[in-house]
Amino acid sequence: MAAQVEHYFKQIKAANRRLMMHIGLQIPSFKYPGGTAAIRPKLKEIVTTAEDSGFYSLWVMDHFYQIKGMFGEAYTDPMLEGFTTLGYFAGLTEKAYLGVLVAGVIYRHPSVLMKMVNTLDILSGGRAYFGIGAGWYEDEAKGYGIPYPSTSERFEQLEDNLQLARALWAGDEIAFKGKQFSAPAITNNPRPLSNPHPRIMIGGTGPKKTLRMVAQYADACNIGDWVGTENMQKAIDVLKEQCESLGRDYDTIEKTSLCTVHLSGDDTVDSVINRIEELSAMGFTHAIFNMPDVYEITPLETFGKEIIPAAAEL
């Protein structure tokens, strides 16, 4: 097993060395002109245009309330369940990778979550990420009657999920017992198609727990630009330190960012390209963007014609 893991990390490292800057699209809002009836056809138009435009990945949030203030919206505005939505995306696309950015540990029992990730990976032809984080939206959890444990318990849940994923994907059936969850006979049938498994992505910047878990368990991290450029760089630097401490090759970890771009507002093609260049210089290899005006479709086409080709040359 150790030799297989070492070979896997060597493959990832080699891929990252020849990697262009990938561009992803997050779709966090479903408030479109035309109301509820417009959601399905508009999403089809968005995701098919995004794939045709060269977006490497497509993402949705794991929320049941909208985030207060997201693009000026209220918490009661439309929100779809993430994995169901990605199943729809899987049937509409053939190339783009798919993921929840990121799944909250409090919403699903880990063994059920693993079955959902495996299912998405199989039905997408091996294009699933397993994005996960400790969760943070306390008002949402309480509003839905979902237990919201302490921070320390949620991080124990996160580590349980990560350990379960690694153990399950290494075999056909396991008995798992963690600090917060147990599963005496969980099966891995059918196995995911991704080789050796869907990429594990952890969202967050916590230096002692989150980034340590990235170095220990994950294939990718996600850092949002709302923490500020300086703190994004600090997180990358801390991740390097955690990798050194654990003996993990830092280059085997995919560094992803999340930013908002408004091409109908203050942003321009040049400003977005400049931002991508900054992210690349910091060490990011996969820049994910959301857009308040994505439903207008033109921003996606602009990315495809002008921004994604420029990113490919970095």
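Trainee: Which residue in β3 does Val-60 stand opposite?

Mentor: Val-60 stands opposite Val-100. Keep in mind that this is a predicted model, where local features need pLDDT of at least 70, side-chain atom pairs count only at pLDDT 80 or more, and totals for chains, interfaces and linings use all residues. Residues are numbered from 1 along each chain as its sequence is written, and side-chain values use heavy atoms, leaving out hydrogens and water.

Trainee: How do you know that β2 and β3 pair?

Mentor: DSSP must find at least two bridges between two strands. Strand β2 (residues 57-60) and β3 have four, in the parallel sense, so they pair. Strands here are DSSP runs of E, at least two residues, and helices are runs of H or I, at least four, all numbered from the N terminus.

Trainee: Why is the pair of Phe-64 and Tyr-144 called tilted?

Mentor: Rings of Phe, Tyr and Trp (its six-membered ring) pair if their centres lie within 6.5 Å; planes under 30 degrees apart are stacked, over 60 edge-to-face, the rest tilted. These centres are 5.4 Å apart and the planes make 45°, so the pair is tilted.

Trainee: What makes Trp-136 and Tyr-137 a stacked pair?

Mentor: Their centres are 4.7 Å apart, with 0° between the planes.

Trainee: Why is Tyr-137 called buried, but Tyr-144 partly exposed?

Mentor: Buried means under 20% relative accessible area, exposed over 50%, partly exposed in between (1.4 Å probe, protein chains only). Tyr-137 has 5%, so it's buried; Tyr-144 has 48%, so it's partly exposed.
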